[in-house]
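Subject: Structure for your review

Dear colleague,

Please find the structure below, together with its sequence.

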Amino acid sequence: MLEFEASTAFPGFDLDLKLEVAAGQCLALAGPSGAGKSTVLRIAAGLVRPDRGRVSCGGQVWYDSGRARDLAPERRRCGYVFQDYALFPHMNAWRNVAYGLREVPRRRRRALAVELLDRFEMADFADASPETLSGGERQRVALARAMGGGPEALLLDEPLSALDARTRARAARELSELLRSAEVPTLLVTHDFAEAARLGDRVAVVDGGRIVQLGSATDLASKPCSSFVADFTGAAVLTGNAGTGPLGLTSVLLDGCRAAISSTDTAQPGRVAASVYPWEITLLPETERSRGSAQNHLVAEVVSVTSLGARVRVGLDVGQPLSAEVTRVAAVELRLEPGRRVVATWKASATRIMEF
Amino acid sequence: MNGSPWFRAVLVAALAVTLLFLTLPVVAIFVDIPPADLLASLGEEGAVEALKLSLQTTVAALLIILAFGTPAAWLLATRRFRGRTVLVTLIELPLVLPPAVAGIALLAALGPGGILGGLLDSLGIRLVFETAGVVVALTFVASPFYIRQAQSAFEAIDPTLLQASRTLGAGEARTFGRIALPAARAGLLSGTALAWGRALGEFGATLVFAGSFRGITQTAPLAIVERFGSDFNSAIALSAVLVVASIVILLSAKYLSTSVGRGRDARI
């Protein structure tokens, strides 16, 4: 269990934030840049000292301003993956990994480092210099290095943002496998809500140095507490299998229901995530399911109705969670309330597809 | 960006005059005397002795500068504290101090009647008119060249490299030795070269503080001045050696600060 509580003032911005992550769980801190997400990781690792606060992990107190305790970063043993990976440029891959293995006898370090690299399919690159590696390869060396010392907690700062779109899909899949098998608490920072939803067991939306809302990704998207969270949580993500649809469209057979949706994006057949912005979705009474020219029609049950001024965020169940946003006028006309069945409809061109 | 022709002519003329003025004297050293005479005067014992002394004292001074200057520069680069700017300015002072003033200042501090003169005397340490005094003078005038360069080299290191090292279980000392020094290597080497160049040419402070005694404190620049009244050829020959040394040092400083800094080298 990682417990974190800190408040500190920086020029132009202050941070006041409290959170908890259980062992084996991943909490994603999501928010715009400058929100203070990375500062949370730095404080947790001991690289920045807050004015006030308390950080503890696995029963050990790392920082306590009240008791003047401040454990040095090297004694906290955090597996930290930096945004640009921070591989040591003058060491090859295995020496980068071996750097954190000081407790291992010197003659065994190389073998263990290569073994760690092998877990990330990087054993063949053990002697390669970081600057000859691609972004995805560097990321895997950085992960191997962070996992090396048997960390007490994993701190991942935008682990995917330095990667190109194609590499990112694969890296995201590998990272989610790693997080599933990790036995320590993980804090992950990202500016991308979809990434937070994918990798975090829970998501904390951070803005202005504070947690604005904390919950499951579905909760945040369907019941945002403010218009900021509503805008930030953006696209709802549906998973399914892609295939060829009619008239050159891509068809995605959704998991958990027998319905398919269409997209103008192209995709290889196989597992995909399809996303659609809540404000692209129109809700119709269940009786009018074939009205209009939009390609996508899904029967949905209303789960929640959250009012945000003139907007209303509607949490839907289509076998998977989906969020829609309608005007208050429409919500009244449709008599939206939990349990009511409606049809969610949107254009094929509003469905964006990401390959897994 | 193409200016008018007359202005371009002015620029080119200014550069030509500058270049001529700065290089002609250096070239003249090599063409003034036939090469054979040049080599012959170098064979003379006094000349070799002066060059040897220059090499020994500058290397000794460099070792002292590296040993104290490197950690000091690291501290200045990584800490922010009150009075830091004043401290940095004090360290840079010898850069602008007239060398003769530096010599007088050293005498006032470390000479027989100086502030620390009594202490040094009771410890049996003599600096004035001794080789050790030359090393002290060289260290005094050359160290700012190294420290300034080292400080900016340390400041230029990507801070996440140092932070990554800490999270991987390395304390500050190990981070300094294993990450900061290799990462700042190019800057440290070019700072070393600059300091060496300054020490090799040192004249005024050495003359005032340590005097000019053959074989003891007479480094190559002092030997040149002594000879130039009596044995001009020998003075020219020594000068030629120093010119070559300076060029080599300058080129290596330039090379080190550009190419090696790219971190091509994968070894530790």
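Please note that this is a predicted model. I begin with a strand pairing in chain A. In E5(A), A:Tyr63 is the bridge partner of A:Val55. Helix H1 of chain A, residues 37–45, packs on the sheet and touches strands E1 (2–10), E2 and E4 of chain A. The direction of H1 makes about 115 degrees with that of E1(A).

The pairing of strand E4 (residues 52–57) with strand E5 (residues 60–64) of chain A is antiparallel and runs over four bridges. Both strands belong to an open sheet of five strands in chain A, ordered E2-E1-E4-E5-E6, with antiparallel pairing. Strands E2 (13–21) and E6 (69–70) of chain A stand at the edges; each has a single partner strand, so one side of each is left without a neighbour in the sheet.

The axes of H3 (residues 45–78) and H10 (residues 185–201) of chain B come within 10 Å and cross at roughly 140 degrees. Angles over 145 degrees would count as roughly antiparallel; H3(B) and H10(B) are therefore oblique to each other. The crossing in which H3(B) passes H10(B) is right-handed.

From H3(B), the residues B:Ser54, B:Thr58, B:Ala61, B:Leu62, B:Ile65 and B:Leu66 meet B:Thr192, B:Ala195, B:Trp196, B:Ala199 and B:Leu200 of H10(B). The residues of this contact comprise eight nonpolar, three polar and no charged.

Yours sincerely

Conventions
Residues numbered from 1 in each chain as written. Chains lettered and ligands numbered in written order. Predicted model: local features only at pLDDT ≥ 70, side-chain atom pairs only at ≥ 80, totals over all residues. Pairing = 2+ DSSP bridges. Helix = DSSP H or I, 4+ residues; strand = E, 2+ residues; numbered from the N terminus. Contact = placed C-beta atoms within 7 Å. Axes fitted to C-alpha atoms, helices over the stretch in contact; angles between N-to-C directions. Parallel < 35°, antiparallel > 145°, perpendicular 65-115°, else oblique. Left-handed = near helix turned anticlockwise from the far one by under 90°. Nonpolar A, V, L, I, M, F, W, Y, C, P; charged D, E, K, R; others polar.
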